[in-house]
Structure formats: structure tokens, C-alpha cells
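Welcome! Take a look at the protein below, then work through the exercises with their solutions.

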Amino acid sequence: MTHTHKRIGILTSGGDCPGLNAAIRAVVSHATLSFGWEVLGIPYATQGLLDRKAVALTVHGLDMRGIDPLLSTGGTILGSINRGPTEAHAGEIVEGYHALGLDALIGIGGDGSLAILSQLAEQGDWNFVGIPKTIDNDVAVTERSIGFDTAVNTLVEALHKLSYTAASHDRVMVVETMGRDSGHLALHAGIAGGADVILIPEIPYTIDGVRQKLSELRDRWGHRFAIVVVAEGAKTLSGESRAYTDAQGEIRLRGIGNYIADEICRYTENTIEARVTVLGHVQRGGIPSAFDRVLASALGTAAIDLVAEERFGHVVVWQNGEVDNVPISEVCAKSPTYVDPQGCLVKTARGLGIYMGELNASAIPPLVGSIADAKPPSIVS
Ligand code: F6P
């Protein structure tokens, strides 16, 4: 196959995460070194297309004395946005692709961004290829999304540090993780970080279940400290999660860590002392892990291979330790994906004696998005 000159656009959309720059680097390297193509970085995702803005990216354009910082830096050099221009601008965004003279566009995004970009691609007849990223790891059909592994490692490091201060003071440390409606982050970090309790949105919990676990640790094993990992979207048996409405009117999951800690103290009549750590956006930062760099490099180069084969409308994914690709419609139809309450890692956690919520309780459908009137701070049910 001969490869005529192409101009490839690349953008990052949605929440940032470690490994985005490594993916950009892989795309630029493979496109320019293997095919001699031109790569344009589109700043701030669809906003850049709307504004007709683009910057030429070259392999050695950003290095420092030959050291390439893209492989090892967090964030995204292209900038990103969570809330793009409104639908009213869709036509202009679609035209931005053609105005910039792009032959193909590579979009790195989570489930929401990939769905929006795929709609725009269809509307504007774009040659589009997607790359999955998100610390939530909830993009369907890929076992791993860029950023997840680093976020898990960040949490595990925090849990390790917290264990020592918890043990010194005989305290319960409650650690609130991100993850939105999915519990992948909390589940992986909790297992790897030695948690005693892991609460995730997919498996309802009761405070009595948490208390029983803490009592068992104390009465049976003499352990006077414990680590409780709780995902921001965790829910009680009656479907309550914690959320508040921010100044922009957006409903945000927050407050579950403090709620659980207070409930533990109340339920145990203050015989247990609890402290809360909310790592928040620390989970989105940091140096990408080795795995995230490998994943980003593999997915980035595979995306360029799809462009070379002119197989558009696909997302590159990670399955069984290898890169594959699937139609974007399949990914969008199945995303987001949640922890399987009967799955192997939940069994692993329970096998380790971790309290993971109520056995046999069926998963409660996610509430976020359907909540119209959360107020600060509130119980959402
Ligand atoms: O989807 C990634 C994520 O970090 C979620 O885990 C979290 O709920 C959300 O984004 C936070 O979004 P923002 O950066 O807009 O506060």
C-alpha cells in the first residue's frame, strides 16, 4: 500500500489523566517517522475545531537536550475541556475539521467524549479514530483505558502511607476515591493497598456491615486500626449516595468519605476514631506508570496504523494483553462499564475477608445524571 501525504489532527477531550502526552507522542512519532505525515494538535478539543486553531507537532519539537518529556509527564500538552461548546455550534465544529484540511482526526477521550466525537464524525463525514482514556476505566470493550493504572498506583501509595499513621493511632482511615458511577478504581486500589472495607457503587453497603467488619478486626484479631476505601459514588441498600450542586449548577459526587467516617463514629458510639482522606484530583496527576506509558504507546501507534489502513470509525482497545480495535458504535453502546458484582475481583476481595457491601444485593442503577435537584451537601436517593 502506498501512503500519500496526510494531515492528521489529534485532540484530547474530557478529564485529563497521566499518559495522554505519551499517547500524543506515539501518534506523532509513528505518523511522522513511519509515514512522513503531518500532525496538527487541536487545542482544547472541540473548542479548537470551533476556533480553527491547530499547532504543528513534531517528534523533537518539545524535547529538552534530546530528552522527550512527553513520555513521562502528566496532563495534556493540548489542553482539554469537560464541557464543550453547545450543540448549537456543532455545524461549525464539524466544518473546523475540513477548514483545517484534515485527512483524519484522532480523538483521545472517555466514554462521553468518544460518543460526542463519534456523532460529530458522522455528521461531518470525518475520518475518525478513537483512543480510550479515563482513570475511571469504564470505557467498554477495552480492559484498560489510559490513566487508570497510574491512578490506582497513586491510591495504593496513599493507602500505604495512611496504614502507618492509622496503626500508630488505632484509627480507621477512610479514603474516598474518584470513579464516578464505577468502582474499578476503588476495587483495584483497595485490594492492592490492603483495605479492610471497599465500598463501590455497584454493590450496596450498610453501615452495620462496615461496623461488623471493624468489630471483627478488633475482637477476633486484635487489630485496632482499619482502612476503608470508598468510591465517590458508593450507595446504601436504599440507593443513597452523596452529592452536591456546585456553583455552576453541576451535580458533583462528594462527601461520602466524611459521611462514612461520621456514621462509623456514631454507630460505634465514638469507640472508634475515624479520619478521612479525599485524594480528589491528585488521582488524575503524577508521572504516568510504566504500564500507562506502554498502553499509551501501543494505542497511539495502533491508531495511526488504522489511519494508514483507512479503517475509520474505530476505537483502538486493549484486550487480552494486546491491542485490538472495534467499531466506535460498539464502544458507545456498551459504555460505561461497571464492576461485575459476581466478577473475579469482587470474589478476590471477599476471599481476602474484605467487606464489599451486602452479599446477594442486586446492583442499583447509577443515579448520576438523573439527579435534578441535589443541594449542598445532601443525601441523594
Ligand atoms: O471521569 C474522571 C473523573 O476524574 C471522575 O472520576 C470524577 O468524578 C470526575 O472526573 C471529576 O471531574 P472534574 O475534573 O470535572 O471535577
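**Exercise 1.** Among contacts in the protein between residues at least 6 apart in sequence, what percentage join residues at least 24 apart?

*Solution.* Start with the term: a contact means heavy atoms within 4.5 Å. Among contacts between residues at least 6 apart in sequence, 75% join residues at least 24 apart.

Before going on, a word on the source. This is a predicted model, where local features need pLDDT of at least 70 and side-chain atom pairs count only at pLDDT 80 or more, while totals for chains, interfaces and linings use all residues. Residues are numbered from 1 along each chain as its sequence is written, and side-chain values use heavy atoms, with hydrogens and water left out.

**Exercise 2.** Find out how confident the predictor is, and where pLDDT stays under 50.

*Solution.* Step one: pLDDT is the predictor's confidence in each residue, from 0 to 100. Step two: its mean over the protein is 92, and 94% of the residues reach 70 or more. Step three: the stretch under 50 is residues 363–381, for which the model has 46 contacts beyond four places in sequence.

**Exercise 3.** Describe the overall build of the protein.

*Solution.* Finally, 54% of the 381 residues count as buried (buried is under 20% relative accessible area, exposed over 50%, partly exposed in between, with a 1.4 Å probe and protein chains only).

**Exercise 4.** Trace the open sheet of seven strands.

*Solution.* First, the order is β3-β2-β1-β4-β5-β12-β13, with mixed pairing. Next, the edges: β3 (55–57) and β13 (322–327) each pair on one side only. Two strands pair if DSSP finds at least two bridges between them. Neighbouring strands are turned by 30 degrees against each other on average, direction ignored. Now look at one pair: β12 (residues 314–319) runs antiparallel to β13, joined by six bridges, and W318 stands opposite V323 in β13. Last, helix α9 (residues 290–308) packs on the sheet, and its direction makes about 145 degrees with that of β12. Such angles run from 0 to 180 degrees between N-to-C directions, with axes fitted to C-alpha atoms, for helices over the stretch in contact.

**Exercise 5.** Is strand β9 (residues 241–245) largely enclosed or open, and why?

*Solution.* Four of its five residues are buried, so β9 is largely enclosed by the rest of the structure. Its partner is β10 (residues 251–253), paired in the antiparallel sense over three bridges. Y244 has R252 in β10 as its bridge partner. Five residues lie between the strands of this hairpin, where G249 takes a positive phi near 85 degrees.

**Exercise 6.** How many disulfides does a search of the whole structure find?

*Solution.* Look for pairs of cysteine sulfur atoms within 2.5 Å: the search finds zero. Take C332 as a case: the closest cysteine sulfur, in C17, is 17 Å from its own, too far for a bond. C332 is partly exposed, at 25% relative accessible area, and C344 is exposed, at 57%.

Terms used:
Helices (H or I, at least four residues) and strands (E, at least two) are DSSP runs, numbered from the N terminus.
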